[in-house]
Amino acid sequence: MKIWVVNDDGIESEGLKTLAAHAANFGEVTVIAPAGQCSGMSQHITIGDLGNPVKSMDRIKKVPFAIEGIDAYAIDGTPADCVILATVNFPEKPDIVFSGINHGENAGIDVLYSGTIGAAMEALVQGIPAIAFSLKWEAEGYELVDSRIDGIISELLTKKIGKNKVWNVNFPAHTPETFKGILWDRVPSQRRYGRTPLEVTDVENSDRVALDGGYISIGTITNMALVP
């Protein structure tokens, strides 16, 4: 299996290194990440030479990576740019894109703003399946991720999903000893930002209810512009 690992926190992020290390258990990994921090970019793209293989190659720089045997590229652009530029300039598409691991949960309204989700959605646009991974802000390390992510990836790779959907996996700020389990089919919470917070009672099967309760939340996000 050929896997591209992308993110929005940048090529130096610990979450990216963690995800790439686990992805390597499932196939041949190539890391393609923004040169710097690109959180909150959603599916923003840089208009210009994205589709030109000659001119756009100038925005791709091969760089050393923390994990031996993994090729890594720093991109002058957004998370969505990373996917487009790789699709245009690399000889073949991967079997799947892993996006993350984001520093901070991507639950509820955050999925609209997230560059992690944006990169996964751009993968769908390019005809590539994708899984997004995030870890709650308060987490002090990747111990829970390390203990559970391989099993989650194994299961997701066997499950059917619509061509207009990405998997969205969120880890709580818990250890392997304190987390409560995995909850599936989570829907985005209705909590949102604003000067006056909207009074909302989350449905029981929302992603934030799962995370607040100490569970790993797994659900799907739909790209409404694509045919199911």
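Colleague: How many nonpolar, polar and charged residues does the lining of the second largest pocket have?

Modeller: This is a predicted model. In it, the lining of the second largest pocket has 7 nonpolar, 2 polar and 5 charged residues. The volume of this pocket is about 260 Å³. Of its 14 lining residues, K2, W4, E28, T30 and F90 are the closest to the centre. Strand 1 (2–6), strand 2 (28–34) and strand 4 each give two or more residues to the lining.

Colleague: Which residues lie nearest the centre of the largest pocket?

Modeller: They are V111, L112, M121, I221 and T222, out of 19 lining residues. This pocket holds about 320 Å³ of space, and its lining has 7 nonpolar, 10 polar and 2 charged residues.

Colleague: What describes a pair of aromatic rings?

Modeller: Such a pair is described by the distance of the centres and the angle of the planes. In this structure, a search finds 4 aromatic pairs. One of them joins Y73 and F90, which are 5.0 Å apart centre to centre, with 55° between the planes, a tilted arrangement. Y73 belongs to strand 4 (residues 71–75), whereas F90 lies in the loop between helix 3 (79–89) and strand 5 (96–103). Both residues are buried. Ring pairs also bring W4 into a cluster with Y73 and F90.

Colleague: Why is the pair of F98 and F133 edge-to-face?

Modeller: The planes of F98 and F133 stand at 80°, so the pair is edge-to-face; the ring centres are 5.7 Å apart. The pair links strand 5 to strand 6 (residues 130–135), across 35 residues. F98 and F133 are buried.

Note on methods. Residues are numbered from 1 along each chain as its sequence is written. This is a predicted model: local features need pLDDT of at least 70, side-chain atom pairs count only at pLDDT 80 or more; totals for chains, interfaces and linings use all residues. Side-chain values use heavy atoms; hydrogens and water are left out. Rings of Phe, Tyr and Trp (its six-membered ring) pair if their centres lie within 6.5 Å; planes under 30 degrees apart count as stacked, over 60 as edge-to-face and the rest as tilted. Helices (H or I, at least four residues) and strands (E, at least two) are DSSP runs, numbered from the N terminus. Buried means under 20% relative accessible area, exposed over 50%, partly exposed in between (1.4 Å probe, protein chains only). On a 1 Å grid over the protein atoms alone, a cavity is a set of points where a 1.4 Å probe fits but cannot get out, and a pocket is an open set with protein on both sides within 12 Å along at least five of seven lines; lining residues have an atom within 4 Å of a point. Grid points are joined across faces, edges and corners, and a volume is the space filled by probe spheres set on the points. Ala, Val, Leu, Ile, Met, Phe, Trp, Tyr, Cys and Pro count as nonpolar, Asp, Glu, Lys and Arg as charged, and the others, Gly among them, as polar.
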